[in-house]
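Have the viewer open as you read.

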Amino acid sequence: MVRMDTPDAVMARISQGQERAVAGDREGARRIFDEVWDALQGFGDTTPDPLHVVTLAHYMADVQTDPAEELRWDLRALGAADSLTDDRAREHHSSLSVAGFYPSLHLNVAAAHHALGQSSEARHHLDRAAQSCDHLADDGYGRMIRGAVTRLRAELDVTVGPPGQSGRRAQHR
């Protein structure tokens, strides 16, 4: 087990878990993320660093097989972002701002709600993701998130109809 008594060590261990996830080892990634989560909770009366919670929960959601668990982790990441400051984010990397986290976080919450058949909640978070996209640069990442927002909105419109329309549009074709 890697010692996680410095912020850099925590982020390094989270990165190791994410590397496993990207390589297709979801179970190995979950084990690492569980280890980090347990360590963060074990610091006693100290509240875990919001940057650690946002990062860990964001990646942990991606390796879940149960959409309800994915949503739980996505909501945990979103909640932690509300406590994160730009100064703390920039300690990790000078380019980071908390506002830039929200498009992806809301998009992930929207997708999880959609997977659970909760279309109104999905639309709410999708609208929040779209509104916060102004904080993204016009680069590959920004285009990827904006494209994912557009695709999820189109998918919602096809499967449940545009806002205000009830029923499945796909059944009326």
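How much space lies in the largest pocket? Let's start there, keeping in mind that this is a predicted model.

1. The largest pocket holds about 620 Å³ of space. It has 23 lining residues, and those closest to its centre are Tyr-59, Leu-96, Gly-100, Phe-101 and Tyr-141.

2. Who supplies that lining? Helices α1 (7-22), α3 and α6 (102-115) each give at least two residues to it. Sorted by class, the lining comes to 11 nonpolar, 10 polar and two charged residues.

3. Now look at α3 (residues 50-62) beside α2 (residues 26-41): their axes are 10 Å apart and the packing angle is about 150°. Angles over 145 degrees count as roughly antiparallel, so that is how α2 and α3 run relative to each other. Their crossing is left-handed.

4. On the α2 side of this contact you'll find Arg-26, Arg-30, Phe-33, Asp-34, Val-36, Trp-37 and Leu-40, which meet His-52, Val-53, Leu-56, Tyr-59, Met-60 and Asp-62 of α3. The contact residues split into eight nonpolar, one polar and four charged.

5. From α6, the contact with α8 uses Pro-103, Ser-104, Leu-107, Ala-110, Ala-111 and His-114, while the α8 residues include Tyr-141, Ile-145 and Leu-152. By class, the contact has 10 nonpolar, three polar and one charged residue.

Note on methods
Residues numbered from 1 in each chain as written. Predicted model: local features only at pLDDT ≥ 70, side-chain atom pairs only at ≥ 80, totals over all residues. Heavy atoms only, no water. Axes fitted to C-alpha atoms, helices over the stretch in contact; angles between N-to-C directions. Helix = DSSP H or I, 4+ residues; strand = E, 2+ residues; numbered from the N terminus. Parallel < 35°, antiparallel > 145°, perpendicular 65-115°, else oblique. Left-handed = near helix turned anticlockwise from the far one by under 90°. Contact = heavy atoms within 4.5 Å. Nonpolar A, V, L, I, M, F, W, Y, C, P; charged D, E, K, R; others polar. 1 Å grid on protein atoms, 1.4 Å probe; cavity = no way out; pocket = protein on both sides within 12 Å on 5 of 7 lines; lining within 4 Å. Points joined across faces, edges and corners; volume = space filled by probe spheres on them.
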